[in-house]
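Here is a short briefing on one protein model. Look at the sequence and the 3D view, then work through the points below.

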Amino acid sequence: MNTLYNILIGLAEFSLPKIAIFKPRLKLFVEGRKKVFNKLKAEIGQNDRVVWFHAASLGEFEQAVPVIEMIKAEAPYSKILVTFFSPSGYENKKNHPLADVITYLPMDSSEKVKNFLNIVSPELVFFVKYEIWPNYLKELRKRKIRTFLISGVFRENQVYFKNYGGWMRKSLETFEHFFVQNEASEALLKKHNFDNVSISGDTRFDRVSRQIEYDNTLSFVEEFLQEKLCLVAGSTWPEDEELLLDYINSASEEIKFIIAPHEIKEEKILAFQKKLIKPSARYTENHQDLSGFDVLIIDTIGLLGKIYSYADVAYVGGAAGNSGLHNILEPATFGVPIVIGSNFSKFPEAIKLQQLAGLFSVATAAEASSVLQKLTSDNAFRRKTGMISGHFVNSNTGATAAIRNYLFNKNH
């Protein structure tokens, strides 16, 4: 199977540049990787003490952030390298000040892996959540480089635990320690004889819990809201917006809506605006007075974390389709009730918050309207639900401290 995997990686390297001609997103994936080794050679010296974090995309980067901050505090001499697999992660965070070097991850071929590690030569390596690359892990183990999985989640249906997945399961032997999110992941690893595991939780709780301590003031939001009730729909896709549309168009004039699409695409924003009955404005249009609008569309990135602080109710996108649920913890930390779509079975934090009654899942526009009407009209119900969300975040912090204790308070 390992041989077949390497053949497939080789085929991917050969074919992706040709396919990318017709797919702009894939072109970023291919073109970005052409510059990686030159960048690494220019920005990493032989004497640098590199700590390498690898994240698939934006969500995984957010999970890495508290650990990066902790490493910088405990080992300030470290040079922080962050690699991304996806263009959405790299393009959004390529200039993030927390890391010293940010690049794409070269493809998982034996030659590129060795070249990468020869240049980087990291002292510590952190893979985030799901990221398992067999050739990288094989070479890291061969070089005896300390490697960890943080905020890990494992499920029985993953390839490592199949009868034919022994070669992938062997990759897991590289990890010195697994810091996992839940008991099910711990039990599954132990069932397969991995005892180097502990339940630390999800580092995103540590990340979002700090947001409430920052200055989240946005004067344009205050001008828009005029102290009216606010529903924030964050990281939405068109299918999410379809769920919300009926409610937005029929809602009381005492409710205002802030929509922050996941993808800032002109044609999709215009298509959504045409379906709105209520007057809408876009953030980048620089209106003199936003108070006369009922819907504000945030057609830029980087503001959503602060905007959630103004929400009375939050809808979090991604689960109405198959793109993947976005971060429900960002609004939850502000004690806000959460509404999402129905496709969230792979997101344990959403499952748990739903069980606690701090989150509601909707499958149709009618269901969305019913839940949102209840949350916006029943003040006591909304406050109670929001308190559950806020407590959920506060009671699940501490993952970063567990990783710190392992790294710096023990001898390994």
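**The sheet and its surroundings**

Seven strands form an open sheet in the order β3-β2-β1-β4-β5-β6-β7, with parallel pairing. Its edge strands are β3 (101–104) and β7 (197–199), and each of them pairs on one side only. Neighbouring strands of this sheet are turned by 20° against each other on average, direction ignored.

This is a predicted model: local features need pLDDT of at least 70, side-chain atom pairs count only at pLDDT 80 or more, and totals for chains, interfaces and linings use all residues. Residues are numbered from 1 along each chain as its sequence is written, and side-chain values use heavy atoms, with hydrogens and water left out.

**Terms for the sheet**

- Helices (H or I, at least four residues) and strands (E, at least two) are DSSP runs, numbered from the N terminus.
- Two strands pair if DSSP finds at least two bridges between them.
- Strands of a sheet pair through backbone hydrogen bonds, either parallel or antiparallel.

**Strand β4 and its partners**

- β1 and β4 pair in the parallel sense over four bridges. Trp-52 stands opposite Val-125 in β4.
- β4 and β5 also run parallel, joined by five bridges. Here Phe-126 stands opposite Phe-148 in β5.
- How many of the residues of β4 are buried? Five of its five residues are buried, and the strand is mostly covered. Buried means under 20% relative accessible area, exposed means over 50%, and partly exposed lies in between (1.4 Å probe, protein chains only).
- In a regular strand the side chains alternate between the two faces of the sheet.
- Leu-124, Phe-126 and Val-128 point one way from β4, while Val-125 and Phe-127 point the other way.

- Strand β6 (residues 177–180) pairs with β7 in the parallel sense over three bridges.
- Phe-179 has Ser-198 as its bridge partner in β7.
- Helix α7 (residues 134–142) packs on the sheet and touches β1 (50–55), β4 (124–128) and β5 (146–152). The direction of α7 makes about 155° with that of β4. Axes are lines fitted to C-alpha atoms, for helices over the stretch in contact, and angles run from 0 to 180 degrees between N-to-C directions.

**Ile-71 under cover**

- Ile-71 is found in helix α4 (residues 58–74).
- Ile-71 is buried, because its relative accessible area is 1%.
- Leaving aside neighbours within four places in sequence, Ile-71 is in contact (heavy atoms within 4.5 Å) with several residues, including Val-51, Phe-53, Leu-124, Phe-126 and Phe-408.
- Ile-71 and Arg-282 are 211 residues apart in sequence and 39 Å apart in space, C-alpha to C-alpha.

**Two loop residues with positive phi**

- Ser-121 lies in the loop between α6 (110–120) and β4. Ser-121 is not a glycine, yet has a positive phi of about 45°.
- Is Ser-121 buried or partly exposed? Ser-121 counts as partly exposed, because its relative accessibility is 46%.
- Lys-129 lies in the loop between β4 and α7. Phi of Lys-129 is near 65°, a positive value in a residue other than glycine.
- Lys-129 is buried, with a relative accessible area of 9%.
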